[in-house]
Amino acid sequence: MSAQRIGFRLPAAYRVFFLLIEPMSAVVGVYFSHLRQTQYLQLLHAESAPSRVPPSTSVALSQLANMYLFFALNEALVLRSTWDLRVWRTVLAVLLIADFGHLYAMKELGLNVYYTPAGWNISHLANIPWVYAGATMRICFLAGIGLQGSKRSQKQQ
């Protein structure tokens with residue numbers, strides 16, 4: 001008995017974003033949250049950033065770096081390893097949930113952080129509009145935008 005899978009041809013915009021650009025940007029997050037912790041905290045919220053990162057905060061930031069790495073590897077390797085549309089939809093749905101969690105975590109900076117670009121620094125650009133862009137790409141993919149006519153049947157044996 002064989003199960004039917006739906007494969008697809010990935011449009012260039014999705015391929016470039018999900019398999020290259022976004023994983024590379026996540027690696028930048030790994031670099032700053034693990035290796036440049038003081039700078040990371042100052043860019044996130046200078047008024048509350050400590051001059052010396054306490055060990056507990058350092059551990060939490062290194063764990064965050066690990067999650068950024070996990071995010072990058074999921075996109076760069078897991079998605080690259082299959083053209084099964086179900087797998088892509090599942091991974092991107094999970095990452096979309098993570099996008100909303102990432103944005104929610106910024107709430108402590110005040111609600112205006114979500115919609116006041118004049119107050120954004122480089123860290124805010126990476127944590128707000130860049131996450132908006134990633135979430136928008138995931139929503140478009142999950143809605144099937146650009147995927148019309150790209151499906152093909154494959155038999156799984």
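Reader: Which volume do you give for the largest pocket, and what makes this space a pocket and not a cavity?

Author: In this predicted model, the largest pocket holds about 980 Å³ of space. The word pocket is kept for an open set of points, whereas a cavity is one the probe cannot get out of, so the name tells you that this space is open.

Reader: Which residues lie nearest the centre of the largest pocket?

Author: Tyr40, Leu64, Tyr68, His102 and Asn127 do, out of a lining of 34 residues. The elements that each supply two or more lining residues are α1 (12–35), α2 (37–44), α3 (55–78), α4 (85–105), α5 (122–127) and α6 (129–142). With nine residues, α4 gives the most.

Reader: Good to know! Now to the helices: why is α1 called roughly antiparallel to α3?

Author: Happy to set that out. The two helices pack at an angle of about 165°, and their axes are 8 Å apart. Angles over 145 degrees count as roughly antiparallel, and that makes α1 roughly antiparallel to α3. The crossing of α1 and α3 is left-handed.

Reader: What makes up the contact between α1 and α3?

Author: From α1 come Phe18, Leu19, Glu22, Pro23, Ala26, Val27, Gly29, Val30, Ser33 and His34. Facing them in α3 are Leu61, Ser62, Leu64, Ala65, Tyr68, Leu69, Phe71, Ala72, Glu75 and Ala76. This contact has 14 nonpolar, four polar and two charged residues.

Reader: What do you find where α4 meets α6?

Author: Here the axes cross at roughly 150° and come within 9 Å. The crossing of α4 and α6 is left-handed. On the α4 side, the residues include Trp88, Arg89, Asp99 and His102, and those of α6 include Tyr132, Gly134, Arg138 and Phe141. By class, the contact has 13 nonpolar, two polar and three charged residues.

Reader: To step back, what pattern does the protein chain follow along the sequence?

Author: The pattern is β-α-α-α-α-α-α-β, from a secondary structure of six helices and two strands. The C-alpha trace spans about 60 × 30 × 20 Å along its principal axes.

Definitions and conventions: Residues are numbered from 1 along each chain as its sequence is written. This is a predicted model: local features need pLDDT of at least 70, side-chain atom pairs count only at pLDDT 80 or more; totals for chains, interfaces and linings use all residues. Side-chain values use heavy atoms; hydrogens and water are left out. On a 1 Å grid over the protein atoms alone, a cavity is a set of points where a 1.4 Å probe fits but cannot get out, and a pocket is an open set with protein on both sides within 12 Å along at least five of seven lines; lining residues have an atom within 4 Å of a point. Grid points are joined across faces, edges and corners, and a volume is the space filled by probe spheres set on the points. Helices (H or I, at least four residues) and strands (E, at least two) are DSSP runs, numbered from the N terminus. Axes are lines fitted to C-alpha atoms, for helices over the stretch in contact, and angles run from 0 to 180 degrees between N-to-C directions. Angles under 35 degrees count as roughly parallel, over 145 as roughly antiparallel, 65 to 115 as roughly perpendicular and the rest as oblique. A crossing is left-handed if the near helix is turned anticlockwise from the far one by less than a right angle, and right-handed if clockwise. Contact means heavy atoms within 4.5 Å. Ala, Val, Leu, Ile, Met, Phe, Trp, Tyr, Cys and Pro count as nonpolar, Asp, Glu, Lys and Arg as charged, and the others, Gly among them, as polar.
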